[in-house]
Amino acid sequence: MAHRTQLKNAKRIVVKVGTSTLFLENGKPDLYRIEHLIRELSALRNEGREVIFVSSGAIAYGMNEAGMREKPADIPKKQALAAIGQSGLMHLYKRFFADYGQTTAQVLLTKENAARHHQYTNSRNALLSLLELGVIPVINENDVVAIDEIKIGDNDNLSATVAVLTDADALLILSDIDGVYTGNPSKDKDARRIEEILEITPEIERMAGGAGSSFGTGGMATKIEAARIALNAGVTMVIAKGSDDEVIRRVFSGDVLGTIFPAREAHLRTRQNWLAFGKRIEGTIAVDEGCANAILTGKSSLLAAGIVSVEGDFPAGSSVRILAPSGQEIGRGITNYNASDMEKIKGLKSRDFKAILGASARDEVIHRDNLVLLAQGMEAAAWR
Ligand code: ADP
């Protein structure tokens, strides 16, 4: 129960909806359901929560527009349908969200965006900026250009990757079934729903079996993979049924429905440790007393004005050490600038360095969202 009530306080939320929830059996979009879900997401946003929407359905939408009933096996054809459908689906979402006063942004990702060092930071910064602007990012895999090697492959995994990328508090996966069952309910009449999964054991993986509906792709197996990614990074995940009335509001009010995978404290630390220790450190920034204080007590970003010296030759997006005037390491973070640009702007105020690097240069050298403090005993302590 305690895990459920935590969801009430979840501030940054990723919601993923599967194709089977968005489309009717006859291949048409289920406008009634789509509008209902969008109203619920808008209501979360109005409560002051940050919302990221991961939606499948581009190919299904494209098939509908092109008047096709059978999904083609041919990859270029699927990509063509995804191109048709992605813009159509986004147009529909934008209209519905606008009805409820929300601004949306389309973000198309591939695995490379999440795995490659500098792209990881770029994707993260872009998503965090959208959230800061109060916008609801609508995310899908970039099916139109993605080939197998750069594909995440299914939106269950994509949604977990996005939740980790953005340090979300919770991930809700909406499916055509109200949670994980002890066996595939379409085959096993005695299968029962599991309310809470604390650990992903081989037994749970076995229960999740293979793919499910004709429209959906991953079945329960990819949702369990998503849960593993989410839990390892300290993100609580819930699987619930997309067609249940007010399902989103109820999950985030702490009602007991679906299957919850609660993130544990230990996992929470993993996420911060990854930023602090999991990445290779490529340089060192020494800051002055004022800057060190602003970072340690003022929850401030690291600004160029406070930088005294830069060591190393690193690209933007690298992990660097931050040293106080005493020489003590006070934190680590991911930089927005490469070493040579940082050398040029160190000690300067934003308006002065913008004359050197151009008006579009970012104010923060390290944004506070990409900064981890190292307190006594090298225990990582991050804030948001
Ligand atoms: P979506 O399109 O929402 O991502 P899928 O159709 O891909 O959904 O996956 C959900 C389906 O997975 C269920 O409808 C069910 O048929 C199947 N499934 C297989 N094993 C299980 C299980 N242990 N518990 C629940 N559903 C399961």
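Which contact joins the side chains of T222 and D156? The two side chains are joined by a polar contact of 2.6 Å. By polar contact I mean a pair of N or O atoms within 3.5 Å; within protein, one must be able to donate a hydrogen and the other to accept it, and residues adjacent in sequence count only if both atoms are side-chain atoms.

Let me state the basis of these values. This is a predicted model, in which local features need pLDDT of at least 70 and side-chain atom pairs count only at pLDDT 80 or more, while totals for chains, interfaces and linings use all residues. Residues are numbered from 1 along each chain as its sequence is written, and side-chain values use heavy atoms, with hydrogens and water left out.

I return to T222, which lies in helix α10. Helices here are DSSP runs (H or I, at least four residues), numbered from the N terminus. T222 has a relative accessible area of 10%, so it is buried; that term means under 20% relative accessible area, with exposed over 50% and partly exposed in between, using a 1.4 Å probe and protein chains only. Leaving aside residues up to four places away in sequence, T222 touches D154, D156 and N157, where contact means heavy atoms within 4.5 Å.

D156 also has a charged partner. K223 forms a salt bridge with D156, and the closest N and O atoms are 3.2 Å apart. A salt bridge is a side-chain nitrogen of Lys or Arg within 4 Å of a carboxyl oxygen of Asp or Glu. Because K223 lies in helix α10 (residues 219–232) and D156 in helix α8 (residues 155–165), this pair ties together parts that are 67 residues apart in sequence. K223 is buried at 6% relative accessibility, and D156 is buried at 2%. Furthermore, a network of salt bridges links K16, D156 and K223.

K354 is partly exposed, at 25% relative accessible area, and D363 is partly exposed at 34%.

Definitions and conventions: Helices (H or I, at least four residues) and strands (E, at least two) are DSSP runs, numbered from the N terminus.
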